[in-house]
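User: I am new to this structure and would like to learn how to read its features. Could we go through them one at a time?

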Amino acid sequence: MVLCEGGESDAAPAAGGQEPEVPPGREDGPGAVQPCLCPAPGVEAAGAEERRACGCCSGMSWPFCCQAPGAKKKAACPGLGLFYTILSAFLFSVASLLLKKIEDVHSVEVSAFRCVFQMAFVLPGLIYYKTGFLGPKGKRIFLFFRGFLGSIAMVLLYYAYQVMPLADATVITFTSPVFTSLLARIFLKEKYSLWDLLFTLFAITGVILIARPPFLFGSRVTGIEGSYSDHLKGTIAAITSTLSAASTFIIIRKVGKSVHYFLSIWYYAVIGLIGCVIALFVLNEWRLPHCGRDRVFLILIGLLGLGGQIFLTKALQIEKAGPVSIMRTMDVVFAFILQALFLNHLPTWWTVGGALCVVASSCGTAIRKWRHSVKKAKQREI
């Protein structure tokens, strides 16, 4: 018997606005050699009845397959993907809470630390998969704008967390799927139905209830953390961050599978770090925290953000994107709870109403996309 080469494994980008993930069960790198049973020249293969293909090992024959013929395939734990999603939402929410507790660090500096953690995580993957550091020539401009817009979204989101209530900023970020659908209609000519328009109006209504502009709600606005000027700046920053994030999703869809997802994250981290360092020198804000607690918080923010991304990726590997997108709204629930417990700031009924509008809009968009993808999959099978 001799060994023959297996196929190359490819990576597909994730849907729903999250960072792309590795397809489940495909951990080998490109060009990996997989053992399979092939008869040597002139020798008839024996035991042909045992060399049956097994779906769990991409057609590999037993005994190299992970399961013997007739063995029952181990069932996946039901609900594990949704549990990973909830855990991811909790880690992201705790990272946001720590960002609120940091007292003397600019949001741009926090973003720079986050980019360093991203680079440390992605660099071994680039080396392992041999993707290079620049990407295909025709795709570099898309990768640059993906990194540029992604880093802007991160900096503005961190700024919003620092100057406005945690729950308010979190709720506004969940308008991203709605804006993604709108931008996909404009730039990718994707279908935009009346339902999508309704969800967009719901999202805008939710943002208005959270921002509570004085020309609609009067000059005496209640439930604002700090001054209304800071609240308004935070709202504008959160909306701009959401639009930038939605734009990155459009770019990722445009690029498709032609660029490895590690390379996309690499551009995001490198361009974000360069931009943050330049901005810190221009603003004269580059300094290490004076308090040891703030330094610990910076490290924890990087680790929690990375952990949240890993669990979200694991969830998308074993669960459909629709249920994951819906379960991600637990971010809002955790934000309300953490804000009340650790920041002593109870949300107003206006904020709760705005949160319900935005969550309903986000869930409606996710369900429509999920049903559409299921319908297309059934049509392909037919």
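User: Where is Leu209 found?

Analyst: Helices (DSSP runs of H or I, at least four residues) and strands (runs of E, at least two) are numbered from the N terminus. Leu209 is found in helix α6. This is a predicted model, in which local features need pLDDT of at least 70, side-chain atom pairs count only at pLDDT 80 or more, and totals for chains, interfaces and linings use all residues. Residues are numbered from 1 along each chain as its sequence is written, and side-chain values use heavy atoms, with hydrogens and water left out.

User: Is Leu209 buried or exposed?

Analyst: Buried means under 20% relative accessible area, exposed means over 50%, and partly exposed is in between, with a 1.4 Å probe and protein chains only. Leu209 has a relative accessible area of 17%, so it is buried.

User: Which residues does Leu209 touch?

Analyst: Contact means heavy atoms within 4.5 Å. Not counting residues up to four places away in sequence, Leu209 touches Phe217, Trp350, Gly353, Gly354 and Cys357. A C-alpha distance is another way to read such a pairing: Leu209 and Thr351 are 6.4 Å apart in space, C-alpha to C-alpha, and 142 residues apart in sequence.

User: At what angle do helix α6 and helix α13 cross?

Analyst: Axes are lines fitted to C-alpha atoms, for helices over the stretch in contact, and angles run from 0 to 180 degrees between N-to-C directions. Helix α6 (residues 194-211) and helix α13 (residues 349-381) cross at roughly 155°, and their axes come within 7 Å. Angles under 35 degrees count as roughly parallel, over 145 as roughly antiparallel, 65 to 115 as roughly perpendicular and the rest as oblique. α6 and α13 are therefore roughly antiparallel to each other.

User: What is the handedness of the crossing of α6 and α13?

Analyst: A crossing is left-handed if the near helix is turned anticlockwise from the far one by less than a right angle, and right-handed if clockwise. α6 passes α13 in a left-handed crossing. Among the residues that make the contact are Trp195, Phe199 and Leu209 of α6 and Trp350, Cys357 and Arg368 of α13. By class, the residues of this contact of α6 with α13 divide into 10 nonpolar, nine polar and two charged. Here Ala, Val, Leu, Ile, Met, Phe, Trp, Tyr, Cys and Pro count as nonpolar, Asp, Glu, Lys and Arg as charged, and the others, Gly among them, as polar.

User: How do I read the packing of α5 and α8?

Analyst: The approach is the one used for the previous pair. Helix α5 (residues 176-187) and helix α8 (residues 228-255) have axes 9 Å apart and pack at an angle of about 50°. The two are therefore oblique to each other, and α5 passes α8 in a right-handed crossing. Residues that meet include Phe179, Leu183 and Phe187 in α5, and Leu243, Phe249 and Arg253 in α8. The residues of the contact of α5 with α8 divide into nine nonpolar, four polar and one charged.

User: Which residues is Asp331 in contact with?

Analyst: Asp331 lies in helix α12 (residues 330-342). Leaving aside neighbours within four places in sequence, Asp331 is in contact with Ala89, Ser93, Thr170 and Phe174. With a relative accessible area of 6%, Asp331 is buried.

User: Which residues is Lys101 in contact with?

Analyst: Lys101 lies in helix α1 (residues 80-101). Its contacts, leaving aside neighbours within four places in sequence, are with Arg293, Asp294, Phe297, Phe342 and Leu343. Lys101 and Leu343 are 242 residues apart in sequence and 8.5 Å apart in space, C-alpha to C-alpha. Lys101 is partly exposed, its relative accessible area being 32%.

User: How many disulfides are there?

Analyst: A disulfide is a pair of cysteine sulfur atoms within 2.5 Å. By this rule the count is zero. Cys115 is in no disulfide, and the nearest cysteine sulfur, that of Cys276, is 5.0 Å away. Cys115 counts as buried, at 1% relative accessibility.

User: How many helices and strands are in the protein?

Analyst: The protein has 13 helices and zero strands. Of its 382 residues, 44% are buried. Among contacts with a separation of 6 or more, 81% are accounted for by residues 24 or more positions apart.
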